[in-house]
Every structure is written in structure tokens, then in C-alpha cells.
Amino acid sequence: MQPKALLPARSGAGSLIPCPIRIASCVLVTLCLIQGASPKATAESSSAAAAPSAPLKIEALGKGAVPLDGAWQFHAGDDLSWAKPETDDATGHDGWEQLKADAPWGTQSHPNYDGPGWYRRHIDLTIAPGAPQNVALLIPAIDDIYELYWNGQPVGHLGSFPPHPDYLSAIPAQTYGLGAVRSGVLAVRVLKVPFASNDDGTAGGFEGAPILGSPDAIAAIKDSLDYKWLRSQQFRFALTGLYALVCILSFLAWMRDRQQRLLFWIMVYTFMPTLELMLNGMRLQYSAIWITFFVQAAIQIREVSQWYVLIYLLQLKAAPRLMRYVKIFAIASLIAGTVDGALGFLYGVLAKSTFQITDAVLTFFILPGEAIPIFLVVYAVLRRRRLDSARWLVASIALANDVVYAVSNTSQQGIRFTHWPLAGWINGMHLTVFGTILNVQTILRTALFLAIVYAVLRYAVDYRHRQTAMERELQNAREVQQVLVPEALPAIPGFNLTSAYKPALEVGGDFFQILSAGEGGALIVIGDVSGKGMPAAMTVSLLVGTVRTLAHYTQSPGEILTAMNHRMLMRSAGGFTTCLVVRVDGDGKLTAANAGHLAPYGTAMNCN
């Protein structure tokens with residue numbers, strides 16, 4: 001199951017994006033020129049149908065262009081001698097036949113054929129007086145690798161043939177300068193790479209008829225095709241821009257708080273479509289083998305990140321068994337998807353049957369992962385999770401999106417043999433908005449993205465409110481703890497007393513008390529509660545209150561610690577407190593008691 005890569009190739013002319021005025025002029029002029037030149041070529045093509053080897057006559061070509069439609073001579077297989085003009089390519093001779101160039105060979109007489117093939121067209125060309133002497137050729141997309149020959153001489157190519165095959169897939173139309181050619185044979189050597197598991201077997205060879213004309217006319221047609229493509233991609237570019245914006249904002253928010261795993265997975269989820277567009281939607285002139293590898297990996301990462309976005313939005317992260325199974329599926333899906341994408345590197349090494357069987361086996365491991373979002377939504381419903389309307393909206397759209405995606409993708413596997421029409425029906429349902437075709441999958445995926453963004457915004461607002469409330473509670477706790485710190489220190493003859501208190505966090509577990517003990521003496525209590533933050537601060541409040549109460553009844557350090565130990569038993573949830581109590585008499589005599597642990601179990605104390 002390998003994605004098609006949208007890639008450009010070398011262009012001889014007209015590769016820059018023109019301004020709208022130039023585009024409109026080019027389209028109008030081109031249509032007029034083609035309409036003016038086509039009748040003669042069509043008439044000659046009709047006569048050529050009776051005599052297959054007769055040339056296509058193009059008389060008095062001026063500044064316009066002529067589509068090379070009609071019947072071409074075709075032969076499956078590969079023989080470089082078929083590029084020579086003297087080759088006998090008459091229909092019925094040595095395997096030669098006629099095919100049209102405006103449709104792939106898979107839709108004509110060679111369904112499910114992947115391999116080499118040759119197209120040939122005899123052309124008799126004359127140039128109108130005063131017209132440009134040079135001629136250019138526009139080649140529409142060809143599946144998948146091709147070489148062009150004029151009278152046996154190479155004039156251009158796209159990709160490379162074995163033993164080191166490489167190709168650019170789903171590319172725009174390409175232009176080639178032929179020079180001052182006149183009569184001759186245009187031969188096209190083609191190689192269709194092996195079908196993937198989700199190919200329907202209708203591809204191969206020409207996807208549209210080539211066009212021959214003056215360099216300016218060919219450049220104008222190229223410009224108009226590029227402009228039409230740009231218009232058709234407006235929605236995708238705009239949507240991907242939103243993905244990129246959400247990705248950046250999620251990344252910045254996650255950097256501020258690394259504990260927010262939802263923001264991390266939102267960042268990954270929104271980055272993958274951006275990466276896919278850069279790799280697969282910008283017509284970059286890179287190898288389709290490498291593009292397929294990276295795009296397939298990106299698709300699997302996108303799917304896995306969507307799982308975790310749903311887990312956090314539907315509050316399912318507290319289910320350890322579920323999280324463990326999802327992790328296993330995620331690892332298996334990522335490995336299978338990456339290996340599946342890497343199969344292209346073995347093209348030419350593996351036999352075709354081995355290549356296709358391996359692709360089918362890997363797809364078998366990938367497909368179950370497409371049902372994970374459906375399972376997560378159903379699991380959340382059965383667990384009766386209490387979610388707000390925004391999260392249930394995400395769940396509903398995710399369920400619809402993934403049902404359509406899973407059904408379409410599953411029914412498309414092995415379609416060359418099953419001929420199931422379900423995927424075609426689903427993909428055929430679409431809307432056209434300002435020249436952009438939006439199918440069901442695009443609409444649902446867009447709706448899911450917007451619903452996720454809305455739910456995350458609601459989550460961020462709620463999280464901020466909770467943080468504000470928590471900060472307010474911490475501030476109140478800090479103020480309460482400051483009240484527990486002695487403000488006035490008793491005067492003890494022969495001693496100078498001073499104090500400072502600074503907790504490690506907002507509130508802390510360290511404490512001290514200096515209390516008057518009568519006759520010029522004082523009780524000094526110093527302690528440290530295990531842990532930090534609010535739990536430790538609450539224990540400190542309990543201990544300080546206990547010390548102040550006990551100091552009214554006894555000034556004996558040992559008795560105070562013993563009473564504190566009894567009161568703290570089984571009250572600190574496994575924590576403990578280290579405490580030192582010192583009594584300073586008016587004559588300077590010191591009596592001290594220390595306890596290593598006050599709770600949860602009593603310990604021996606030393607009294608001096």
C-alpha cells in the first residue's frame with residue numbers, strides 16, 4: 001500500500017508561475033491556436049487509421065499547437081531497436097497494435113500490465129511561412145518512466161530504467177525542445193513499475209495525448225496547466241497552512257509545560273500533513289522512491305498520533321491495559337508502514353511477484369490500525385466517560401471519518417482481482433468549490449481537524465482556569481504558612497536569636513518555632529516533613545498547632561516529642577517527620593530531645 005507522489009520533472013519551457021493577466025492571455029491564445037490547427041491533424045489521423053504506418057500530416061504549423069491524438073502504434077515489451085525510424089510497426093506485424101494516447105493502456109487492451117512498452121507515431125510536419133522554425137513537445141503524465149526518441153535519437157527522458165530504476169510519479173506535463181525537426185518518427189519508451197496492493201490495474205503509459213507546436217504555444221499551454229493545478233490546490237494549501245499554525249502554537253505551548261502530553265500529540269498530528277504537502281504536494285524534483293518512503297512513514301505517524309490525541313481527549317489514559325495494547329499496535333504499525341514504504345528501494349532487486357506479495361503482507365499488518373480510532377470511540381462510549389460537548393463532537397466525527405477511511409482503504413486492497421466498486425463510489429462523492437474538488441474523505445478529515453482544534457482550545461481554557469485556581473490556593477497556603485512563622489522572638493540572656501524561612505517550592509515542609517518557656521527560658525523546635533508542596537505544608541500546619549498546644553502543658557522536650565509522635569501515628573500516609581526540640585533555661589542550661597521519625601511509626605528518642 002504505497003502512496004503516489006506528486007512530483008515535477010525537467011521542463012524545457014514555461015516552468016515559472018505566470019501572473020494572472022499572462023495566464024488568461026495564454027489560455028485564450030492557446031485555445032484559439034489549438035482549435036485552428038486541430039482539424040487538419042484530425043482528418044489525417046482518420047485516414048491514418050486505415051493505414052496504420054501512414055504518417056500524421058501536420059501542414060503549415062504556425063504559432064499554434066496540435067494534439068497528437070488518435071491511434072499510436074504500440075508494442076508491449078522492450079527493444080531499443082524500436083526507436084529506429086525504419087522499424088516496421090504495422091498493426092498485426094510482430095506484435096504491433098494500435099492504442100490511443102489519451103488514456104492509459106490499462107483501460108484499453110492491457111489491464112493489469114506493469115512492465116515495459118513502446119509507443120510510435122509517424123509525423124509529416126511542415127512549417128507555415130514566417131512561423132518559428134523550432135518545434136517543442138508537451139508530454140502529459142506517463143506511468144512511470146519514459147524516454148523520448150526522434151528518428152532514433154534521444155531527445156529527453158524522465159526517470160531511469162533498470163538496472164538502476166528511479167522515477168517521478170504523478171508529475172505535471174513536461175516540455176521538450178525538439179529543434180527544427182520536420183518529418184520523422186516520435187518513439188516513446190515506457191516502463192510501468194509494479195502495481196501496489198491498492199492499484200486497480202488501469203494505469204500504464206500515456207495519461208493524455210502529447211501536444212506538438214511552437215515553443216511559445218507549448219509554453220502557454222504549460223502555463224495554463226500549471227495555473228489550473230494551482231487553483232485546484234487552493235483548499236489544500238489553505239488547510240495545510242492551518243495545520244502548520246496549530247503545530248507551531250502547540251509546540252510553543254508544550255515547551256512551556258512538558259507535562260501536557262495532549263499538546264505534544266497535537267503538535268505531531270498537525271505536523272504530518274504539513275510534511276506530506278512539502279514532500280508530496282509541491283512538485284519537488286525528488287526521487288519517487290524516497291518520497292514514497294518518507295510519505296508512508298509520515299502517514300503512519302499521523303495515524304498513531306491521532307490515536308493518542310483521541311486517548312487524551314476522551315480521557316482514556318487512565319486505562320493501563322488499553323494504553324499497553326495501543327502502544328503495541330503503534331509500534332507494529334510504524335514498523336510495517338516504514339518497511340512498506342522502503343520496498344521501492346528493492347525494485348529491480350526483488351522479483352515482481354515477490355515485491356507485490358511482500359507489499360500485500362505488510363499491508364495486512366497496517367490495515368488493522370485503521371480501526372483503532374473506531375475502537376477508542378466505542379470504548380469511551382461503553383465506559384460512559386463524562387465528556388463535554390466538544391470532546392463528544394471529536395468522537396463523533398472521528399468515528400465517521402475512520403469508518404469511511406477504513407472501508408475505502410480496505411476495499412481498495414487487491415482491487416485488481418476483486419473489482420469491488422465500493423472505494424470508487426466513496427471517492428466519487430465530492431463537492432466542487434471554486435474549482436477545488438472536495439471528496440468525502442477530505443471533508444471528514446477537515447471536520448475532524450477543526451473539531452480537535454476546538455476541543456483543544458476548550459481544554460486549554462479549562463486547564464488555565466484550573467491552574468489559576470491552584471495558584472490562588474497555593475498563595476493562600478503560603479500566606480497561612482507565613483502566619484505560622486514566629487514574628488517576635490523571646491529574649492534569652494546570653495543568646496542572640498534570629499530566623500529566616502524560605503521554602504523550596506511555593507510552600508514547604510520545613511518548620512521551626514521559638515516559644516517562651518517562663519523564667520527567661522525558651523523552647524526551640526526545628527523539624528522537616530518528608531516531601532514538598534501542599535501535602536508537606538498541611539502536615540506542618542498540624543505539627544505547629546500540636547507543638548503550641550503541648551507547650552502550654554509541658555516544657556520537657558522528651559514529653560513534647562512523645563506526645564507529637566502519638567498524635568502523628570498513622571496520619572501522614574507513609575511520610576515521616578524529623579524533629580528536634582531544645583529547651584533553653586534562663587541560666588543558659590540546654591535540654592534537647594530529637595526524634596528521627598515521628599510518623600507513621602513511633603521511634604526511640606534521645607534526651608539530654
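Predicted model: local features only at pLDDT ≥ 70, side-chain atom pairs only at ≥ 80, totals over all residues.
Strands of a sheet pair through backbone hydrogen bonds, in either a parallel or an antiparallel sense.

## The four-stranded sheet

Which order do the strands of the open 4-stranded sheet follow? The order is E2-E13-E6-E10, and the pairing is antiparallel. Strand E2 (65-67) and strand E10 (174-179) stand at the edges. Each has a single partner strand, so one side of each is left without a neighbour in the sheet. From one strand to the next, the twist averages 20°.

E2 pairs with strand E13 (residues 211-213) over 3 bridges, in the antiparallel sense. Within this pairing, valine 66 stands opposite leucine 212 of E13. Helix H2 (residues 215-232) packs on the sheet. H2 touches E2, E10, E13 and strand E6 (135-139). The direction of H2 makes about 25° with that of E6.

## The second largest pocket

How much space lies in the second largest pocket? The value is about 590 Å³. The pocket is lined by 18 residues. Leu249, Ala253, Leu263, Ala460 and Tyr463 are the closest to its centre. Rolling a probe the size of a water molecule over the atoms shows where empty space is left.

Which elements give two or more residues to this lining? They are helix H3 (234-256), helix H4 (261-280) and helix H12 (440-484). H12 gives the most, with 9 residues. By type, the lining of this pocket divides into 11 nonpolar, 3 polar and 4 charged residues.

The whole structure holds 26 aromatic pairs. One of them joins tyrosine 243 and tyrosine 269. The pair is edge-to-face, with 6.5 Å centre to centre and 65° between the planes.

Why does this pair tie together separate parts of the sequence? Tyrosine 243 lies in helix H3 and tyrosine 269 in helix H4, so the pair links parts that are 26 residues apart in sequence. H3 and H4 are also among the elements that give two or more residues to the lining of the second largest pocket.

Most residues other than glycine have a negative phi, and most peptide bonds are trans.

Two peptide bonds come up here. The bond from aspartate 143 to aspartate 144 is cis, with omega near -5°. Aspartate 144 is found in the loop between strand E7 (142-143) and strand E8 (145-150). The bond from proline 162 to proline 163 is also cis. Its omega is near 20°. Proline 163 sits in the loop between strand E9 (153-158) and E10.

Where does asparagine 112 lie? Its place is in the loop between E4 and E5. Asparagine 112 has a positive phi of about 65°, although it is not a glycine.

Technical notes: Residues numbered from 1 in each chain as written. Heavy atoms only, no water. Pairing = 2+ DSSP bridges. Axes fitted to C-alpha atoms, helices over the stretch in contact; angles between N-to-C directions. Contact = heavy atoms within 4.5 Å. 1 Å grid on protein atoms, 1.4 Å probe; cavity = no way out; pocket = protein on both sides within 12 Å on 5 of 7 lines; lining within 4 Å. Points joined across faces, edges and corners; volume = space filled by probe spheres on them. Nonpolar A, V, L, I, M, F, W, Y, C, P; charged D, E, K, R; others polar. Phe/Tyr/Trp six-rings, centres within 6.5 Å; stacked < 30°, edge-to-face > 60°.
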